[in-house]
Amino acid sequence: MPLWPVYTGTKEPHDGITELPAPPPWRAFDGGPGLDTPADDADTAATSPDRAHRAATYRATAQTVQLVNAALYLRRPLLVTGPPGTGKSSLAYAVARELKLGPVLRWNVTSRSTLHDGLYQYDPLSRLYAARQAAATGTRGSTAPESGIEDHLRLGPLGTALLPYARPRALLIDEIDKSDLDLPNDLLNVLEEGQYEIPELVRSSGPGDEDPKAMVMVDGTHERVPVERGRVRCRAFPFVVLTSNGEREFPPAFLRRCVTLRLRRPDDSHLADIVRAHFDGEPGGYAQDLIDRFLSRASGGDLATDQLLNAIYLARSSDLPADSLAELAEQLMPYLGEAQRSDAF
């Protein structure tokens, strides 16, 4: 029997992802050769303690759990919108941790980002330099191997996520609303088809090639994977989270291909759960006072949960008197939309 929900938002890591039903016929992929999904780095907590902490302490709402599972079942990207500090980016790490999807692949989008950046990077100048070096050493009798295209090419986060892994990889495309106007449309075909080509490798592999595979480096590691004739097609569609702060509208065709989750500012009980998770205890005393102050101030403008957590951390870690802490809390929780004021001299 299929398992619903696969992602629960509450359990320790488990293998429920293996109990997903078969994808809809229009979202079935057959890429190969199959690859094992990399396990989470045993040193993740040491190398990226902030990400490990966010994954372990994320508290999902019932709506979040439902829509994450809808995206997993339908093999569709999840577009997560909401105010700053509502946990949009942390969601990808929390799902990857619970479902054992391996290290999260992250693509931080800027106004200059292109689809090519997400798929792969190729440096022809470094290849030219390597070829000249090989030619120079060859004249001196050296037998150094010739540098191939694959030695100067690395898959990006999106390109890596679409490799034919046995389990879905988790891909975070952060702040897609900051992209150039064309990027969402450019993503449509790749996310719909679950595949792409690397023209440099396609051109270098002729029909008579005895070994058409190129061993290519992937995002986030120096390991290499085989890519046959420059074509990549996924086997398990990745769990893709696209985050947006709501700074722009997206084309209807793009929205139609996504499951959309709109996060709202946490209420009192949800904030208390978040504080308990981060500080391993009940938010009593001054912490509860700060929660009440945060909720009161939030009704007048945009505040991020991070601001509340910062204030609570200082309240727990310092020996300032209550009146000084109250004043400091006000300074730590300014409205995010306020214009910066410069001092006049």
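Q: Is the crossing in which α12 passes α14 left-handed or right-handed?
A: This is a predicted model: local features need pLDDT of at least 70, side-chain atom pairs count only at pLDDT 80 or more, and totals for chains, interfaces and linings use all residues. Residues are numbered from 1 along each chain as its sequence is written, and side-chain values use heavy atoms, leaving out hydrogens and water. A crossing is left-handed if the near helix is turned anticlockwise from the far one by less than a right angle, and right-handed if clockwise. The way α12 passes α14 is right-handed.

Q: At roughly what angle do the axes of α12 and α14 cross?
A: Helices (H or I, at least four residues) and strands (E, at least two) are DSSP runs, numbered from the N terminus. Axes are lines fitted to C-alpha atoms, for helices over the stretch in contact, and angles run from 0 to 180 degrees between N-to-C directions. The axes of α12 and helix α14 (residues 322-332) come within 11 Å. They cross at roughly 35°.

Q: Which residues of α14 make the contact with α12?
A: Contact means heavy atoms within 4.5 Å. On the α12 side stand Y286, L290, R293 and R297. The α14 side supplies A322, L325, A326, A329 and E330.

Q: How many charged residues does the contact of α12 with α14 have?
A: Ala, Val, Leu, Ile, Met, Phe, Trp, Tyr, Cys and Pro count as nonpolar, Asp, Glu, Lys and Arg as charged, and the others, Gly among them, as polar. The contact of α12 with α14 has six nonpolar and no polar residues. Its charged residues number three.

Q: How are α11 and α12 oriented to each other?
A: The axes of helix α11 (residues 268-279) and helix α12 (residues 286-298) come within 11 Å and cross at roughly 135°. Angles under 35 degrees count as roughly parallel, over 145 as roughly antiparallel, 65 to 115 as roughly perpendicular and the rest as oblique. α11 and α12 are therefore oblique.

Q: Which residues of α12 make the contact with α11?
A: The crossing of α11 and α12 is right-handed. From α11 come D268, L271, A272 and V275. From α12 come Q288, I291, D292, F294 and L295.

Q: How are α2 and α4 oriented to each other?
A: The axes of helix α2 (residues 49-57) and α4 come within 8 Å and cross at roughly 75°. The contact joins R51, R54, A55 and A56 of α2 to S89, S90, Y93, A94 and R97 of α4. By class it has four nonpolar, two polar and three charged residues. α2 and α4 are therefore roughly perpendicular.

Q: Which are the edge strands of the sheet?
A: Five strands form an open sheet in the order β2-β5-β10-β1-β11, with parallel pairing. Two strands pair if DSSP finds at least two bridges between them. The twist averages 20° from one strand to the next. Pairing on one side only marks the edge strands, β2 (105-108) and β11 (259-262).

Q: At about what angle does α4 run to β10?
A: Helix α3 (residues 62-74) lies across β1 (78-81), β10 and β11, at about 165° to β11. Helix α4 (residues 88-99) lies across β1, β2, β5, β10 and β11. Its angle to β10 is about 165°.

Q: How many residues apart are W4 and Y73?
A: Rings of Phe, Tyr and Trp (its six-membered ring) pair if their centres lie within 6.5 Å; planes under 30 degrees apart count as stacked, over 60 as edge-to-face and the rest as tilted. W4 and Y73 form an edge-to-face pair, 4.8 Å centre to centre with 70° between the planes. W4 is in the segment before α1 (44-47) and Y73 in helix α3. Their separation is 69 residues.

Q: What is omega for the cis peptide bond that joins W4 and P5?
A: P5 lies in the segment before α1. The bond between W4 and P5 is cis, and its omega is about -5°.
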